[in-house]
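Reader: I am new to this structure. Could we go through it in short questions and answers?

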Amino acid sequence: MVVTIIVFVLIFGVVVISHELGHFLIAKLNGIKVLEFAIGMGPSVVKFTKGGTRYVLKLLPIGGACIFEGEDNIYSNEKKEENTQADITNNEKKEENTQADTIKQEGTFNDANVWARIATVFAGPFFNIILAFLLSLIVVGFSGEVIPTINSLTEGYPAKEAGLQEGDIITKLGNERIYLQGEVTFASAFSNGEPIEIEYKRDGKKYTTVLTPKFSQEDNRYYIGFTIGESIECKGWDLIKYSAYEVRYWLKTTVKSLLMLVQGRLSANDLSGPVGIAVTIDETIEIAKPYGISTVLLTMINFAVLLSVNLGVMNLLPLPALDGGRLLFLLLEVIRGKPVPPEKEGLVHFIGFVALMILMVFVLYNDIVRIFA
């Protein structure tokens, strides 16, 4: 269990640091002052200040924050004094001109160019995708990739009846280009029995057929009727290409899973929080352990790829308190030509934050119930 906790902290730490580092670096590039760079939640364990930024490591190894000068009316002591003086100046001008002038303050988030703010907010999720790609290079470089080549066909199922053969490579499912075994496996696992057009390659030529998955009463799911997967070694350009395909696969499965959650094909019980992730890590380590330490390490790195992509996608959802919610307000500012009043945006984000905390409690409860069940 100690090993699981260490691995959990390391994986979460790397993923969260990558996310917050994206915000931090792009903010600095755009001249936005970063007041605090925090990793974790809860009470502070380690903290120090350098270059005007307070760096904080907190007790609970989940979440993080990058706090900018002026964002949500948070200012450093120097800016507070400047703001007070600015208020006095504005009041004097109101008396003289009956019209307030806006005083720009160097280094504050709200006074930065709107596209600079959009880049800063978007950088967190984007750096998660970059991290996922870099980690995929390690996994694919050492273990290769599995492409969608048919290994065997099952009698009485649509694949064999349609004339597919061993050695055929699946290249398309419907309008979706296919590169990896996992893409076919995912589509098959969540099939609802609708006919699907399959494009496959045989001896360098492409063919198309339409299959209707067959329902299995025993397994309570639909099957096309083949096993699939051929391991290939990836070097040079193939390494870059298939690492990108790996990230693409996790992006697609994350987005599709969210859509299925909205559609009711997945339930809230399928969500996992930090406790559920820790349990999954523990179970995965136990499964991989007999194959050696290298397998365990590669499996955990692959898990970090999944988690990093998930964090990136989830943060881009247009919901209050998430990066996607902030991006939505910034895009509204671009369209309107002026920002949404800070007090209104702040209220929306506060409500969203409360709702997010309630969801986290619900997910935590579900994780604990599943452990004891």
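Reader: What covers the buried residues of α6?
Author: This is a predicted model, and α6 runs over residues 237–263. Its buried residues include Tyr 242, Val 247, Leu 258 and Met 260. Their cover includes both helices and strands: α3, β3, β5 (176–177), α5 (181–189), β10 (226–232) and α8 (293–315).

Reader: How far apart are the end C-alpha atoms of α6?
Author: Helix α6 has 27 residues. The expected span is 1.5 Å times one less than the number of residues. That gives 39 Å for α6, and the model agrees, because its end C-alpha atoms are 39 Å apart.

Reader: Which residue follows α6, and what is its phi?
Author: The helix ends at residue 263. Next comes a glycine with a positive phi. It is Gly 264, with phi near 90°.

Reader: How do Tyr 249 and Trp 250 pair: stacked or tilted?
Author: Both belong to the buried residues of α6. Planes under 30 degrees apart count as stacked, over 60 as edge-to-face and the rest as tilted. The ring centres of Tyr 249 and Trp 250 are 4.9 Å apart, with 55° between the planes, so the pair is tilted.

Reader: How many aromatic pairs does a search of the whole structure find?
Author: Some of the rings join into a cluster: Phe 24, Phe 37, Phe 48 and Tyr 55 are linked by ring pairs. The search of the whole structure finds 14 aromatic pairs.

Reader: Phe 122 and Phe 126 form an aromatic pair; what is the angle between the planes?
Author: Both lie in helix α3 (residues 114–143), 4 residues apart, about one turn of the helix. Phe 122 is partly exposed at 36% relative accessible area, and Phe 126 is partly exposed at 40%. Their pair is stacked, with centres 5.8 Å apart and planes at 25°.

Reader: Is Thr 149 buried or exposed?
Author: Thr 149 sits in strand β3 (residues 145–153). Beyond its neighbours within four places in sequence, it contacts Gly 167, Asp 168, Ile 169, Thr 227, Ile 228, Gly 229 and Glu 230. Buried means under 20% relative accessible area. Thr 149 has 7% relative accessibility, so it counts as buried.

Reader: What separates the C-alpha atoms of Lys 160 and Phe 226?
Author: Lys 160 is in helix α4 (residues 158–161) and is partly exposed, with a relative accessible area of 36%. Not counting residues up to four places away in sequence, Lys 160 touches Leu 153, Thr 154 and Glu 155. Phe 226 is 66 residues away along the chain, yet the two C-alpha atoms are separated by 7.9 Å.

Reader: Which residue follows α1 with a positive phi?
Author: Helix α1 covers residues 2–29 and has 28 residues. Its span should be 40 Å, and its end C-alpha atoms agree at 40 Å apart. The phi after the helix is near 75°, and the residue is Gly 31.

Reader: What share of the residues in the protein chain is buried?
Author: The chain has 10 helices and 10 strands. Its C-alpha atoms fill a box of roughly 90 × 50 × 45 Å along the principal axes. Of the 373 residues, the buried share is 39%.

Reader: How far apart do the centres of the positive and negative side chains lie?
Author: There are 33 positive and 41 negative side chains in the protein chain. The centres of the two sets lie apart by 3 Å.

Notes:
Residues are numbered from 1 along each chain as its sequence is written. This is a predicted model: local features need pLDDT of at least 70, side-chain atom pairs count only at pLDDT 80 or more; totals for chains, interfaces and linings use all residues. Side-chain values use heavy atoms; hydrogens and water are left out. Helices (H or I, at least four residues) and strands (E, at least two) are DSSP runs, numbered from the N terminus. Buried means under 20% relative accessible area, exposed over 50%, partly exposed in between (1.4 Å probe, protein chains only). Lys and Arg count as positive and Asp and Glu as negative; His and the chain ends are not counted. The place of a charge is taken as NZ of Lys, CZ of Arg, CG of Asp or CD of Glu. Contact means heavy atoms within 4.5 Å. Rings of Phe, Tyr and Trp (its six-membered ring) pair if their centres lie within 6.5 Å; planes under 30 degrees apart count as stacked, over 60 as edge-to-face and the rest as tilted.
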